[in-house]
Structure formats: C-alpha cells, structure tokens
Amino acid sequence: DARSGADAYDYGAREKQAYIESIARIRIDADLTDGVSATFRTLTERYWGVETSTNTNMDLDLAYVTLNDVLSFVTQANIPLSVTLGRQELHYGNDLIIGDRDTNGLDTQVAGLVYGDLSARKSFDAIKGVLDYDPLVIDLVYAKVDENNNTRYLNDNDDVELYGVNAAYSGFENALVEGYWWLRSREPGMFGSVSVTTPIAENENTHVLGLRGTYSGMTVNNSPLMMSLETAIQFGDLIADSDIYPDIDDVYAYTEDMRYDRRAYAVQASLAYMFQDVKYTPTARFCYTYLSGQTGEGPYGTASHGKEPYSGWDPMFENQGGGTIANALFAMSNAHNFNLGVDLMLQSDLKVSVDYYLARLAKNFRNGLKSHVNGLSVGDQYVMTENKGFYQEIDAGLEYDYTEDVKMALNAGVLVPGDAFSDVGHKMQPATQLIGSMKVSF
C-alpha cells in the first residue's frame, strides 16, 4: 500500500510513505467432546524488508474454549448457558461500541506497525457467557483489556477492564432489538504525573447504555429496505490525564489529575437498499453518525470547568471509521458524519464500491487553537479555526474474485480538509491513499 499524509502544523513538508505489508493467519477449530470446542489462531503482521524479533514471530491471536450447557451437570433446571474462555473477538451490533480492543484506527499491540488501522488484530482476553432463550439471547462479558505493571504508586492498581451485558431479542417479525450496558474501568495507577504525591483513590469508570434496532419489513419493488437505528449515552467520570487525553488541559481547560463527570451521546442511523431489477444490481447505502464533542477553548477561554461535565464521546472499543483515511487520522468523536455509498456487481466475480463522506465538527474550537481535533488522538496536532467544516472524503474500491480461494482488491481514497483547519503555519493539505491487496484463504 502507499499513502501520502495530511500535513500537520508541526511538519514542514508533506509526508509520503509506502510499504508492503504481509498479514498471515493460521486457524484451527476442534470439536473435542460433546459440548466442548476449541479455537486457536496465530497472526503475524510485518512490513517487507523489516526483520525484528517483534514482527517476524507468530503471535497469539485467538485461543479460546467454548463449553456448552455448563450448568447441566450441576442442576436439573433448563439453563441454556454456554461459556467461552480465552482470547476471542467481541462484536456487538455495528461495532459502534465493542469490536476492536484498541479501536479500529490503532493497534498498540504490534511494535513498529505504522498503519495500525489496517491491522487484522481485534481480539480481547475475555470470558463470555451466553444465555440462549431463543428468541432472547443475553451475553455477559468480562475482559482484561490491559494488565499493566506501572510503578507510579508502587502498587498494581493500574489495569483496564471491561464489563458488559448485551441482550438481543429477535421475536419480532423482520426486526431485531438490542439493549446493552458496558463499563470500562481504569484503575487509579493509570493516571497522574510522577510528581503527584497523593495518589488518585478511585477508578475512572465510563458507562455506556444503549439501544439498537434493525428492521427489514419494508419492501420497495419486492426488495427489502434495511433500516438500523442506534443511540447511546456515556456517563460516569473522567480523570483529566494528558497522557490519555492529550488535549484535556491545554485545549479543553480541565485541570490535570482532577476528576470530572462525563456526559456524552451518540446516534447512528443507516439505510441500505438493493435495486434487484437494475443492471449491475446496485446497492445504495446511507449512514449518519453523531458523536458529541466538547468545546475547545483552551486555558484562556471563557468556560469554567469546575463542575461542567465532559461531553466528548469516547470511542471505547469501536470497529468503524468515518472514511478509510479519516479512520487513520482522527478518533471517532466530536462529529456529524454523513456517508453515502453504492456497490455495483459488474460481474459475478467483480465488485465496485464508491463511498462519499462529509464530516462536520459537533463542537468548534477557539480560533488559533492547536489541537488533536477531538482530544482523543495521539498523533498530529493542527491549528484550528472557529468553523465546523471538518473534512470530505471519497473512497473507491475494486474487488475481484480471481478464484474461489484468491481475492484481489484495489482501494483508493482522498481526504480534503475543511474550514475548521487554519491557514496558519503549514495548512493541512489533502491526504491520499492507494492500497492494493491480495487475500488467499484455504
């Protein structure tokens, strides 16, 4: 693949990068005995010409055991509980909240992987229990996201854990309804500078409550119109640590190492329709995503954050992206994102897709403020204006089934920054991307 980077304030020349990357996975599934199965998968992700011990080894990607009807030998009650233990993928709904351990735009587990947004690693170390009262299915999840070993306070209270319940009901005709609660808990050792003498006493707890529904009962010309709506609220608290939230003090004017309430919101609505009687059977797609933001005023702004809740949406463990380039540059927060796409089957083995993205900031910044744009990215900073025009992006893709086992793809994209980015310093330039890939499955 090849990319040319969007120019940030800190850089005097346009950044251009080109790499060839290999991703290889080997998976083994085994049914051991009645009601017991196991899955094991290795993964290696490396750039050609780079030889180190971290990128040439085969890493553990999946390793879990599933036990069905685990309570049948304990009680005579009919409790249809299955339990999955070990490293596994967790995907719920459209992956707006849960889908990737370190979000779809990053990969913190592979050293030296520049393009973390292209990583195939999505797994969590987790225990998942599934109660299958068809048509009601309830998932109970615990995951250890980070097992840290910081010595900031000479204790081990520095881990990140995930707890959750997802209930899905499919008893309605042509409809599915899901409700969920997720809790990400960061222990106090994750926060505070080394110079702080009084350790932070309590965890940072981020709760997410949400509801999602899909409906396919409406037909047009004998083709179903697929509809989906999801809404969620985040609440709990936030510890203003600039190592985790890079702009929390100098852009959003919260005091370092202090605790604040969190109130953030998200809405996602989508439509999809296939024109079955039209040549090339095009499928049209539309998606709107709203992610709340926090006004960026800087330490000299007029806002007082003594008691004001932080309203910037935290991406949690999302597995989406508002455009392929934007996904690599910006976290999913503080935006209205509109996506209009179309898929065309030119032949039975040849598919073409085109996507247009228009994004506007939910909350603007003070003129001249230097920011990561949404307070959650850890990459480049940009000089902002008071405008809300974020970016436009066009992505085009071509997929060709060379054989049943070999699929080739070519994807191109261009991102044009909006008026929210200032002309001061080095103006952010359009970013381009070209990715060619070949996938072999056997």
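Tutor: Rings of Phe, Tyr and Trp, the last through its six-membered ring, form a pair if their centres lie within 6.5 Å. The structure discussed here is a predicted model.

Student: Is the pair of Tyr-169 and Phe-172 stacked or edge-to-face?

Tutor: A pair of aromatic rings is described by the distance of the centres and the angle of the planes. For Tyr-169 and Phe-172 the centres are 5.0 Å apart and the planes stand at 75 degrees. Planes over 60 degrees apart count as edge-to-face, so the pair of Tyr-169 and Phe-172 is edge-to-face.

Student: How many residues apart in sequence are the parts that the pair of Tyr-252 and Phe-365 ties together?

Tutor: Tyr-252 and Phe-365 form a tilted pair, with 6.4 Å from centre to centre and 50 degrees between the planes, and both residues are buried. Tyr-252 lies in the loop between β13 (223-239) and β14 (259-274), whereas Phe-365 lies in the loop between β17 and β18 (370-371). The pair therefore ties together parts of the chain whose separation in sequence is 113 residues.

Student: Which residue in β17 stands opposite Gly-341?

Tutor: Strand β16 covers residues 335-347 and strand β17 residues 350-361; the two run antiparallel and are joined by 12 bridges. They form a hairpin with two residues between them. Across this pairing, the residue of β17 opposite Gly-341 is Asp-355.

Student: Which residue in β20 stands opposite Val-352?

Tutor: Strand β17 also pairs with strand β20, residues 389-401, in the antiparallel sense over 11 bridges. In β20, the residue opposite Val-352 is Leu-398.

Student: How far apart in space are Gln-347 and Tyr-280, C-alpha to C-alpha?

Tutor: Gln-347 lies in strand β16 and, with a relative accessible area of 47%, is partly exposed. Gln-347 and Tyr-280 are 67 residues apart in sequence. Their C-alpha separation in space is 7.5 Å.

Student: Which residue has a side chain joined to that of Tyr-142 by a polar contact of 2.8 Å?

Tutor: Tyr-142 is found in strand β8, residues 136-146, and is partly exposed at 26% relative accessible area. Beyond four places in sequence, its contacts are Asp-125, Ala-126, Ile-127, Glu-161, Leu-162 and Tyr-163. The polar contact of 2.8 Å joins the side chain of Tyr-142 to that of Glu-161.

Student: How many residues are in the largest nonpolar core?

Tutor: The members that touch the most others in this core are Ile-97, Ile-98, Trp-182, Phe-330 and Phe-390. Setting aside residues up to four places away in sequence, Ile-97 touches residues including Tyr-180, Trp-182, Val-208 and Trp-313. The number of residues in the largest nonpolar core is 56.

Conventions. Residues are numbered from 1 along each chain as its sequence is written. This is a predicted model: local features need pLDDT of at least 70, side-chain atom pairs count only at pLDDT 80 or more; totals for chains, interfaces and linings use all residues. Side-chain values use heavy atoms; hydrogens and water are left out. Two strands pair if DSSP finds at least two bridges between them. Helices (H or I, at least four residues) and strands (E, at least two) are DSSP runs, numbered from the N terminus. A nonpolar core is a set of buried Ala, Val, Leu, Ile, Met, Phe, Trp, Tyr and Cys residues joined through side-chain atoms within 4.5 Å. Buried means under 20% relative accessible area, exposed over 50%, partly exposed in between (1.4 Å probe, protein chains only). Contact means heavy atoms within 4.5 Å. Rings of Phe, Tyr and Trp (its six-membered ring) pair if their centres lie within 6.5 Å; planes under 30 degrees apart count as stacked, over 60 as edge-to-face and the rest as tilted. A polar contact is a pair of N or O atoms within 3.5 Å; within protein, one must be able to donate a hydrogen and the other to accept it, and residues adjacent in sequence count only if both atoms are side-chain atoms.
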